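Have the structure open beside you as you read.

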Amino acid sequence: MDLGLRGKTVIVTGGGSNIGRAIALAFAKEGANVVIAEIDEKQGQKVATEAKAQGGSAIAIETDVTDNESVQAMVKKTLDLFGEIDVLVNNVGWTYDRLFIEKPREEWEKEIKLNFWSMINCTRAVLDNMIERQYGRIVSISSDAGRIGGFREAVYGGCKGAVIALSKSLARELGRYGINVNVVSPSTTIPESSEHVGPESMWAPGGLEFTPEILEKMAKTYPLRRLGNPEDIANAVVFLASDAAAWITGQTLSVDGGYAMM
Ligand SMILES: NC(=O)c1ccc[n+]([C@@H]2O[C@H](COP(=O)([O-])OP(=O)(O)OC[C@H]3O[C@@H](n4cnc5c(N)ncnc54)[C@H](O)[C@@H]3O)[C@@H](O)[C@H]2O)c1
C-alpha cells in the first residue's frame with residue numbers, strides 16, 4: 001500500500017527517545033522530511049543521524065514544546081526549510097507514577113504542561129499553514145490511562161483524557177479544511193535500549209522503573225501477553241497520518257495488545 005508520505009513534511013515532538021524515536025524513524029523510512037522537535041538537541045540529532053543512515057531525511061530542531069515562543073520559532077524554521085507542514089505528531093508526554101495524595105504540586109504542573117499545553121502550543125502553531133493549504137494530519141499520543149484510568153497516574157490520565165477530548169473537538173472544527181485529527185493510545189511501551197532514551201526521557205535513570213519480575217507480571221494482564229514495542233505505536237501513527245486514513249478523523253486507537261477494549 002502506498003501511504004503517500006514521500007516528500008511530506010512531518011514534525012515529531014520529542015522524537016529523540018523511545019516512542020518518538022520510532023515514529024521519526026518510521027516516517028523517514030516512508031520518505032518524509034522529518035523534523036524532530038526536541039528539548040534535548042543532542043538526542044534529537046542522534047535520531048536524525050540514524051534516520052539519514054537508513055536513507056531518510058531528518059533534522060533536529062531544539063524546541064521546548066511547553067514554551068509557545070520556542071514552538072513558533074520551530075514552526076517558522078520548518079516552513080523556511082520545507083515550505084509546508086503536512087503532519088504534526090504531538091508525542092511529548094511525561095509522568096512519574098505516584099499516588100494522587102502523595103504528588104507534589106510541581107509534578108502535576110509538569111504533567112499538565114508536558115502532556116497538554118505541549119499539544120495546544122504545537123497544534124495552534126501549525127494550523128495557519130495547514131488551513132491555507134487545506135491539508136493536514138494531526139496525530140497525538142494519549143495513553144490508556146486517559147481512557148480507562150491509571151493507578152498512580154491520576155493527573156497524567158486526566159491530561160491524556162484531555163488530549164482525546166481536544167482532538168475530537170478539533171476534528172469537528174478542522175475537517176472542513178481537509179485536516180484530520182486522531183489519537184493513538186499506547187499502554188506500557190518500554191525502551192528497547194538505554195541508547196534509545198535521553199536524559200529528559202521519563203525512562204532515564206531516576207524516572208519510571210520496573211523490575212523484570214513486574215514487567216513479566218504486567219505482560220500477563222495483556223490479551224496478547226506482551227508489552228508494547230515503540231514500533232507498534234509508530235506503525236499506527238504512520239497509518240493515521242497517511243492517505244490510507246483519509247476518511248478517519250476524531251478517533252482514538254488503542255495500540256496495546258488488547259489491554260483497553262473501548
Ligand atoms: N512509554 C509508555 O509506556 C507510554 C505509555 C502510554 C503513553 N505514552 C505516551 O507516549 C509518548 C511518548 O512516550 P515515551 O515513553 O517515548 O517518552 P520519553 O519520555 O521516553 O520521551 C519523551 C521525549 O520528549 C522529549 N522532551 C521532554 N520534554 C520536552 C519539551 N519540553 N520539549 C520538547 N521535547 C521534550 C525528551 O527529551 C524525550 O526525548 C508520551 O506522550 C507518553 O505519555 C507512553
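## Around the ligand

Helix α1, residues 18-29, gives the largest share of the shell around the ligand, with 3 residues. Please keep in mind that this is a predicted model. In total, 32 residues surround the ligand, and the closest are G14, S17, N18, G93 and E200.

What is the make-up of the shell by class? It has 17 polar, 11 nonpolar and 4 charged residues.

The protein has 7 strands and 8 helices. An open sheet of 7 strands runs in the order β3-β2-β1-β4-β5-β6-β7, and its pairing is parallel. Which strands sit at the edges? They are β3 (57-62) and β7 (252-255), each of which pairs on one side only. On average, neighbouring strands of this sheet are turned by 20 degrees against each other, direction ignored.

For a look at one pairing, take strand β1 (residues 9-13) and strand β4 (residues 87-90): they pair in the parallel sense over 3 bridges. Here V10 stands opposite V87 in β4.

## Helices on the sheet

Helix α4 (residues 105-133) lies across β1, β4, β5 (136-141) and β6 (179-186), and runs at about 175 degrees to β4. Helix α6 (residues 154-174) also packs on the sheet, where it touches β5, β6 and β7. The direction of helix α6 makes about 165 degrees with that of β6.

## Overall shape

How does the radius of gyration of the protein fit with a compact globule? For 262 residues, such a globule would have a value near 18 Å, and the protein has 17 Å, so the two agree. Along the principal axes, the C-alpha atoms fill a box of roughly 50 × 40 × 40 Å.

Of the 262 residues, 47% count as buried. Among the contacts with a separation of 6 or more, 73% come from residues 24 or more positions apart.

## A closer look at N235

N235 lies in helix α8 (residues 230-241). Why does N235 count as partly exposed? The reason is that 16 other C-beta atoms lie within 10 Å of N235, while a residue is buried with 20 or more and exposed with 12 or fewer.

Note on methods. Residues numbered from 1 in each chain as written. Predicted model: local features only at pLDDT ≥ 70, side-chain atom pairs only at ≥ 80, totals over all residues. Near = placed C-beta within 6 Å. Helix = DSSP H or I, 4+ residues; strand = E, 2+ residues; numbered from the N terminus. Nonpolar A, V, L, I, M, F, W, Y, C, P; charged D, E, K, R; others polar. Pairing = 2+ DSSP bridges. Axes fitted to C-alpha atoms, helices over the stretch in contact; angles between N-to-C directions. Contact = placed C-beta atoms within 7 Å. Rg over C-alpha atoms; globule rule 2.2 N^0.38 Å.
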